[in-house]
Amino acid sequence: MKKIDKIFFFTIVLIIIATHLYAYRVWIFSADVLTHGDWFLSFPSYSKSLLSIPIMWKSYSGGVMDLTPPFYVFLLLEGILSNIGISYAHIQRITFMWPIALLTLPFTFLLIRSFTKNPIAALVGATVYTYNTYFLVIQSGHLTMMTAFALAPLFLLLFRTTLDKNKIFYGLLAGLAAFLMSVYEFRAFYMAVAIAGFYYIYYLSIISDRKISKAFGATWKLAIIPILVPIILNLYWILPFIFATSSIGNAVFSRELFGKEFYDIIKSTTIFHPFWNNSKYLPFITQPIPFYFFILPFFAFLGLYLNKRNKYVLFFGLISLLGIFLTKQNNPPFPDIYMWLYTHIPGFAAFREASKFYFLIALGYSVLIGMFVDWIWMNWKNGKLKLTKYIITFLILLLSLWNLKPLITGEYGTLFTPRKIPNEYIVLNDYIDKQHEFFRTLWVPADSRWGAHTNLHPKLAIANTVTSNWKDFTNASAYQALGDQFIDFFKKDNSPMLLDQTSIKYVIVPLDDTKNDDNFFVHFLKPPNNYINSLNKLTYLKRVDINTKQIAVFENKSYRPHIYITASKETIKRPLPYERIEFTTVSQSEYRVQLKNISKPTYLHFTDTYHPDWRIKIGNFNWYASLFNKSYFAPNNFHYKNDVNLNSFLIDPEYIKKHVNKGDYKINSDDSVDTIITLYFSPQSHSQVGLILAILFILFMIHYMVKYVYENYKKQN
Amino acid sequence: MSMKTTKNKINIFLRKRIVRVFTIPAALLLMWAILTLWYMVSYDNSFLILSHTHSIENFTNAPNERLEKGKKITGSFVAPENNLGIVSIRFGKYVRIPYKDEDTLVFRIRRSGQDKWYYENRYRSGTMYDVPLFPFGFPVINDSKNKKYEFELISLNGNNKNGLKVSQRQPILVSKYQIPKSLLNSDKKEFALLLGKKIYTSFKIVDIWFSSLMYILPLFLYLIHISRFKKRIFYYGMGFDNIILLFLLMPALFDTVFLQSSDDLLYIIYIVIWLIIVKIQKQTSKYSYLFGLIFLIITPWFLLRNNAAVALKATSWAYMFLVAGTIQILIESKLRKKKYEKS
């Protein structure tokens with residue numbers, strides 16, 4: 001590199017670093033709480049409870065099979081950090097914001113650098129990837145996805161190195177990178193693996209000098225390692241999902257396509273996110289495309305043409321074209337193909353809107369533009385063209401950096417603006433946390449991000465429950481405004497029983513948090529006072545004064561405990577007398593319940609959402625034994641979904657006397673039965689088997705990799 | 001049988017005179033007929049629907065500006081068939097606006113001279129963005145033949161950002177008629193008559209004859225290829241005066257600027273023809289990328305003029321040319337690898 005080129009390189013490095021650090025200053029240097037949109041915060045009591053083995057049943061949404069089981073790894077990290085006294089503001093930075101802000105650019109630089117010797121080309125290409133509008137939009141709230149995309153270039157680089165160097169060591173490293181991606185966002189992992197698979201086919205047919213069959217024979221074992229590693233390390237949730245009677249898969253994979261109106265081929269070609277306006281973030285409002293967004297695709301495809309003899313560049317051209325085609329979703333040209341893929345390709349149904357495929361375009365364009373810059377630096381060495389290459393390089397850099405403008409000025413808001421918890425929520429959370437028995441809180445119309453959620457006091461939002469557990473009790477189409485539906489819901493005859501049987505002790509109307517840009521009341525077309533006035537009129541709820549001016553809290557005194565029994569079948573039609581019983585919470589998947597003096601068939605109720613895999617074991621319980629004995633638990637016909645869509649079990653003393661080992665229960669003098677039963681979410685056992693296998697595999701990997709590094713070190717010295 | 005032997009046998013078969021001058025042209029002609037008929041049916045979503053186009057004169061009021069609140073588009077036509085069930089109007093396609101800002105429109109239709117509207121419904125303007133020739137459907141009118149109908153489209157919230165405007169691109173007004181299935185089962189003559197009508201009415205629609213011309217293009221080019229004009233036409237000029245490539249560019253430009261056809265098969269036929277021609281001419285991917293990039297850079301100009309329909313078409317064609325160019329590079333890479341393996 002000539003001296004002037006070196007000066008140019010270091011100048012753009014300085015510009016990028018300075019701009020980047022200033023744009024991401026809130027993430028990198030401050031310790032403020034950051035929350036916005038779908039990015040909620042966690043309170044210490046909940047964070048600390050995350051230090052455990054993976055638990056397949058979660059307390060949110062009235063109890064549900066874990067919706068995001070791959071998150072376990074970073075949630076465990078959150079649990080560890082929280083227990084050693086690190087604040088959530090720092091935890092979210094360690095787990096998400098710092099990796100995104102500090103790793104995306106270097107990893108992409110390394111990937112592009114593997115195709116070119118020119119560091120300027122690699123750096124400019126890396127800025128195209130790092131500062132594209134889609135990535136900036138998802139940094140407003142979907143940090144799990146963005147962290148996975150930050151790791152993607154590293155995974156692809158390691159995958160490529162595995163094939164080139166023919167070493168298992170790199171395959172294992174690529175596998176670990178893929179595993180980390182899967183931890184943060186399984187869909188990003190899915191895409192990256194698909195790219196790797198595509199690259200492997202391309203490698204066999206185009207890149208490798210050998211015949212396809214010979215190249216395949218020599219490399220297939222290596223190519224499969226980066227896919228096998230994440231699969232084995234994810235067994236702790238894959239196994240329970242395979243063996244569970246019903247899982248989130250049904251819900252996630254049966255959703256309809258969404259967002260057709262936001263996407264089209266122009267936006268995908270120009271890698272322009274439909275909500276991007278280079279100013280304050282306005283979700284779900286389509287924005288016009290500024291003309292300068294056409295410059296990047298122009299240079300990208302020019303880069304492809306100019307480097308057409310470079311096999312690697314061609315691969316990224318194909319990736320870009322594929323990305324453009326998928327990101328336009330079910331819009332012309334060929335609008336029906338996306339729908340076909342959505343219904344026929346396994347796993348594709350997780351992409352009900354196509355924005356995630358912007359990743360493919362960003363990846364493709366970053367390499368193509370990097371190689372375009374490489375070409376002009378190789379070929380424009382003299383005369384006027386020499387100056388032009390500096391101008392074009394700087395122009396491309398400026399186009400990418402210009403997207404950081406709203407982050408630099410602070411107008412972008414979202415997760416780049418520090419937030420402060422309103423004092424009223426501190427009072428409310430304290431009031432709830434001080435109570436030591438289980439109950440739920442129901443938030444109307446939606447839960448505030450500042451209201452604490454714990455396993456002891458889970459939050460429910462009426463906006464969600466009326467479309468899930470309570471959808472049979474109200475009809476959304478009968479109302480013009482959703483707010484009216486929620487207000488009317490409380491007036492229904494069976495609503496008091498619904499609240500009781502779902503263990504809801506408090507109904508809370510939050511405040512309209514305009515200071516934190518979080519006034520969700522507007523979505524439901526009713527202001528807070530409408531809800532408060534309506535709830536005030538109800539006889540079964542009583543307003544309690546907890547020293548808050550705006551947040552209104554109503555108490556439901558007749559709420560049921562988490563686990564209780566009744567003499568007859570629980571019903572929503574009338575209130576029944578019930579009996580509290582003693583129980584111990586081992587985990588969210590396992591409860592130990594003491595039953596005493598059971599003399600006639602009794603109904604045991606567990607106020608979490610019904611799931612067929614909740615089972616009961618009478619007497620001693622061993623999770624390992626439950627895997628191999630089909631009749632380990634009480635038969636399924638003793639378990640049913642009650643009127644409120646929760647779990648109820650019939651406990652029959654005669655069945656116990658006939659079928660249960662004598663050591664597992666006690667017959668009293670009045671012929672009644674005392675016993676201890678375990679209420680257990682059976683997929684948990686499969687999770688534990690998967691966890692053991694994953695740990696053994698990690699130990700094997702560590703052993704192999706340490707040995708490899710040590711032997712290499714010995715060879716070199 | 002080895003791959004090589006099969007390939008040789010196919011080559012020998014294709015070189016036979018009868019195959020070259022009769023079988024292949026007949027097959028291409030058959031392909032044209034089938035594809036044209038298929039597109040006629042898919043254009044109306046059914047064989048049993050007849051479309052009749054009407055002219056701009058049928059609009060009694062079609063403002064030149066965007067339809068603002070309280071203003072209306074009105075028109076009338078005489079139904080040439082029984083079973084009138086749809087009136088389609090083509091609207092201009094502008095840059096999409098947010099859902100909450102969309103206009104709401106009331107469409108209504110009645111027989112001319114009657115006081116009461118036969119049918120009335122509300123529509124959001126955003127729906128017309130996805131379907132520019134928007135079909136306003138209503139319960140089928142069985143005895144509509146030779147009767148005059150008038151329709152109105154009234155804007156409830158229109159303004160200069162969300163208002164609709166009748167397009168200038170033909171057809172702008174189409175009435176559609178549902179043919180009862182029973183008619184086909186009862187009489188073969190009726191079926192033949194229907195087929196004749198279907199073909200006749202379909203060819204009045206510019207989209208259909210354009211697609212049909214494109215479907216026959218392979219036959220046309222093949223005939224040139226086997227004729228004595230081959231060298232004059234296929235190899236005349238290999239730079240920017242490359243006559244055949246410039247000729248091929250015309251349909252893409254026409255489709256972009258004037259037609260914006262929704263027939264995706266056009267792209268496939270076009271790109272296949274394109275790839276065959278550039279292979280015959282032994283061209284590199286230069287022209288594919290050149291045309292792709294030209295289409296790409298004209299797009300913002302149409303966007304600035306708020307002509308989303310043309311901008312979308314231009315990008316679609318840009319994409320197709322870039323795909324074609326990339327396929328060419330891929331094939332070249334594959335061939336280089338094969339050569340390397342052999343050597």
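Predicted model: local features only at pLDDT ≥ 70, side-chain atom pairs only at ≥ 80, totals over all residues.
Reader: What separates A:F155 and A:F159 in helix α8 of chain A?
Author: Welcome! Residues are numbered from 1 along each chain as its sequence is written, and chains are lettered from A and ligands numbered from 1 in the order in which they are written. Helices (H or I, at least four residues) and strands (E, at least two) are DSSP runs, numbered from the N terminus; in helix α8 (residues 143-165) of chain A, A:F155 and A:F159 are four residues apart, so what separates them is about one helical turn.

Reader: Is the pair of rings A:F155 and A:F159 stacked, edge-to-face or tilted?
Author: Rings of Phe, Tyr and Trp (its six-membered ring) pair if their centres lie within 6.5 Å; planes under 30 degrees apart count as stacked, over 60 as edge-to-face and the rest as tilted. By this rule there are 116 aromatic pairs over all chains. For A:F155 and A:F159 the centres are 6.2 Å apart and the planes stand at 45°, so this pair is tilted.

Reader: And is A:F155 buried or exposed?
Author: Buried means under 20% relative accessible area, exposed over 50%, and partly exposed in between (1.4 Å probe, protein chains only). A:F155 has 0%, so A:F155 is buried.

Reader: How many residues apart in sequence are the parts tied together by A:F621 and A:F633?
Author: These two rings form a tilted aromatic pair, 6.4 Å centre to centre with 35° between the planes. A:F621 lies in the loop between β13 (614-618) and α27 (623-628) of chain A, and A:F633 in the loop between α27 and β14 (639-641) of chain A, so the pair ties together parts whose separation in sequence is 12 residues.

Reader: Let's move to chain B: which elements do the buried residues of α10(B) pack against?
Author: Helix α10 (residues 286-304) of chain B has 19 residues. Its buried residues include B:Y287, B:F291 and B:F295. Counting contact as heavy atoms within 4.5 Å, the buried residues pack against α14 (265-269) and α15 (295-306) of chain A together with α8 (243-259), α9 (265-280) and α11 (308-342) of chain B.

Reader: Which strands stand at the edges of the five-stranded open sheet in chain A?
Author: Two strands pair if DSSP finds at least two bridges between them. The order of this sheet is β4-β3-β5-β7-β6, with mixed pairing. Each edge strand has a single partner, so one side of each is left without a neighbour in the sheet; the edges are β4 (459-461) and β6 (542-544) of chain A.

Reader: In β7(A), what is the bridge partner of A:V509?
Author: β5(A) and β7(A) pair in the antiparallel sense over four bridges. From β7(A), A:A552 and A:F554 point one way and A:V553 and A:E555 the other way, all of them buried. The bridge partner of A:V509 is A:A552.

Key:
Heavy atoms only, no water. Expected span 1.5 Å × (residues − 1).
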